[in-house]
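Hello,

Here is the structure I promised to send over. Have a look at it first, and then read my notes below.

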Amino acid sequence: MSKNYDAVIIGAGHNGLVAAAYLSKAGKKVLVIEASQEIGGATASAKVFPEHDAKISRYSYLISLFPDKIIQDLGLGFETISRSLSSYTPYVRNGIHKGLCISRQWDHATEDSFVQLTGSPREARAWRNFYGKMEAMAKKIAPTLLEPLPSRTELRNLVGMDDAWRMVFERPIGEAILQHFESDIVRGIVLTDGLIGTHASAFDLQASKCFLYHLIGNGTGEWKIPKGGMGALVTALQRAALGAGAEIRTSAKAVGLHTSADKVEVHLEDGTSVTGKYLLCNAAPNVLASLYGKTPATPPDGAQIKINMLLERLPRFRSGIDSKTGFAGTLHIQESFPELEKAYHDSKAGNMPDTIPIEMYCHTLTDVSILSRELQYRGCHTLTLFGLHTPASLFDKDPEGARQLAAERALAGLDAYLEEPIRSCMTQNADGSLCMEIKSPLDIEAEISLPRGNIFHKNLTFPFIEESGIPGWGVETEDPRVLICGSGAVRGGGVSGIPGHNAAMAILKGN
Ligand SMILES: Cc1cc2nc3c(=O)[nH]c(=O)nc-3n(C[C@H](O)[C@H](O)[C@H](O)COP(=O)(O)OP(=O)(O)OC[C@H]3O[C@@H](n4cnc5c(N)ncnc54)[C@H](O)[C@@H]3O)c2cc1C
């Protein structure tokens with residue numbers, strides 16, 4: 001085994017693998033070192049319930065931000081599939097259960113559903129108008145993500161749409177939402193894109209940044225199902241990197257580094273070391289700081305609870321909608337605008353929200369290939385719950401008790417809209433336990449090193465050079481031999497491969 005490389009990459013998350021594939025394809029000698037036994041980081045799939053053959057996207061589950069260009073450049077045999085429905089939001093009016101059903105492609109049924117909720121066609125018009133502007137902006141911004149960072153003025157001029165720019169880049173997104181929409185339910189659906197992975201109020205600019213990244217993927221902002229699960233992306237990237245000559249070592253944790261004018265030496269936990277002309281860090285920026293021996297700044301808390309389930313059957317909704325429709329897109333529960341704000345303020349004050357806003361996704365309604373033939377034949381489904389506003393700090397004192405409390409409250413929220421409790425639909429293990437896996441932010445930190453369970457490694461930043469930023473690709477650090485190739489880069493966050501691509505380009509093309 002060699003000790004000297006053109007590039008050493010710390011971390012085999014999907015971004016580390018993207019960087020490895022680009023650099024090795026360009027003829028560079030690349031080593032990827034991964035602390036865990038498995039590669040993939042937050043994009044891993046796993047047989048979460050060992051007795052049942054279902055390969056579940058354990059952490060991340062939907063893809064929007066991963067540019068088609070990277071798939072083509074690297075020749076990845078990887079596909080994403082559109083969901084038939086965008087979202088379903090059950091609600092109760094005068095004691096009657098109903099639901100707002102939004103198709104992926106605008107249609108009469110969607111229009112009618114808005115009218116049933118609000119009593120007039122005005123909200124549907126506002127929706128189309130608002131998202132029309134957002135899509136136009138997304139189309140302009142998306143191609144810049146794989147180029148050197150523009151300045152604020154350059155991006156501002158490129159976007160050119162004063163109104164849309166102000167709404168997203170200059171004011172907290174909550175203001176635009178209140179201005180455009182009348183229904184608290186509709187306002188909440190729009191706002192959730194600003195809160196996934198971000199513990200913020202609607203009136204905090206941080207929510208605007210999160211909102212932006214949820215809308216610009218590939219210029220459409222459509223969130224799709226990864227065919228075969230998230231792990232299929234990891235397998236395709238691994239194949240591309242190994243095929244081009246990269247080496248990948250697992251169970252190889254970096255514990256320190258030393259840089260000089262022409263190389264970086266990385267020290268591993270087993271006492272050995274490797275050397276690269278460049279070091280690319282796929283791990284979070286606070287991990288990088290600790291490798292330098294610095295005391296890392298604590299990143300903001302991750303604030304989500306994630307529950308993976310295997311079901312014998314989909315539960316019925318009280319609203320009467322067919323379960324195969326209600327669960328086909330993103331299911332929003334307890335996510336009206338006031339509920340989201342209250343949950344934020346409760347959690348910020350140190351209390352587990354009584355009403356935990358949740359979103360749910362059923363992979364298998366779009367792609368059954370993650371289930372064995374037997375589970376498919378039985379009609380089983382996987383279901384994922386992503387609960388908001390449950391920051392890591394709420395779990396510090398009593399991790400186990402807080403995890404159970406958060407799960408109880410999240411599932412109770414779902415049950416309120418179902419004919420039968422969700423637990424009664426879950427597959428059982430031989431010992432009678434339910435196929436349900438609950439992950440708090442602290443669990444996620446322990447398992448895949450996301451600091452404080454923060455799914456983006458740190459706070460997201462707008463896709464231009466911020467005041468204190470370093471010009472380049474958004475991946476540079478103060479050390480010219482060290483680059484960030486993970487979520488912590490500018491334009492990082494989410495399953496995007498963008499920081500991996502951009503770190504490779506910073507080496508191959510320079511600024
Ligand atoms: C529960 C959850 C749900 C999510 N849902 C979605 C979603 O649906 N869609 C979406 O787009 N995004 C989602 N995200 C966010 C997204 O998954 C991440 O932002 C993204 O995958 C990060 O990728 P990465 O390659 O930059 O880093 P990571 O996946 O964090 O990989 C970093 C790698 O570095 C390794 N490492 C760390 N320290 C060391 C060390 N000292 N030495 C060696 N290796 C080290 C880690 O083990 C890890 O494998 C979700 C995240 C979570 C946790």
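**What I found**

The chain has 17 helices and 18 strands; helices (H or I, at least four residues) and strands (E, at least two) are DSSP runs, numbered from the N terminus. Please keep in mind that this is a predicted model, in which local features need pLDDT of at least 70, side-chain atom pairs count only at pLDDT 80 or more, and totals for chains, interfaces and linings use all residues. Residues are numbered from 1 along each chain as its sequence is written, and side-chain values use heavy atoms, with hydrogens and water left out.

*Overall shape*

The C-alpha trace spans about 70 × 60 × 45 Å along its principal axes. For 511 residues, a compact globule would have a radius of gyration near 24 Å, and the 22 Å of this chain agrees with that. (The radius is taken over C-alpha atoms, and the globule rule is 2.2 Å times the number of residues to the power 0.38.) Of the 511 residues, 59% count as buried, meaning under 20% relative accessible area, with exposed being over 50% and partly exposed in between (1.4 Å probe, protein chains only). Among contacts (heavy atoms within 4.5 Å) between residues at least 6 apart in sequence, 73% join residues at least 24 apart.

Which strands pair with it? Here, two strands pair if DSSP finds at least two bridges between them.

- S1 (residues 4-10) runs parallel to S12, joined by 6 bridges; Ala7 has Tyr278 as its bridge partner in S12.
- S11 (residues 264-268) runs antiparallel to S12, with 4 bridges; Val266 is partnered by Val274.
- S18 (residues 482-484) is parallel to S12 over 3 bridges, and Leu280 has Leu483 as its bridge partner in S18.

S11 and S12 also form a hairpin with 4 residues between them, where Gly271 in the turn has a positive phi of about 95°.

*A closer look at Ala303*

Ala303 lies in the loop between helix H11 (285-291) and strand S13 (305-311). Is this residue buried or exposed? Ala303 counts as buried because its relative accessibility is 7%. Leaving aside neighbours within four places in sequence, its contacts include His199, Gly387, His389 and Pro441. Lys439 is 136 residues from Ala303 in sequence, yet their C-alpha atoms are 11 Å apart in space.

Best wishes
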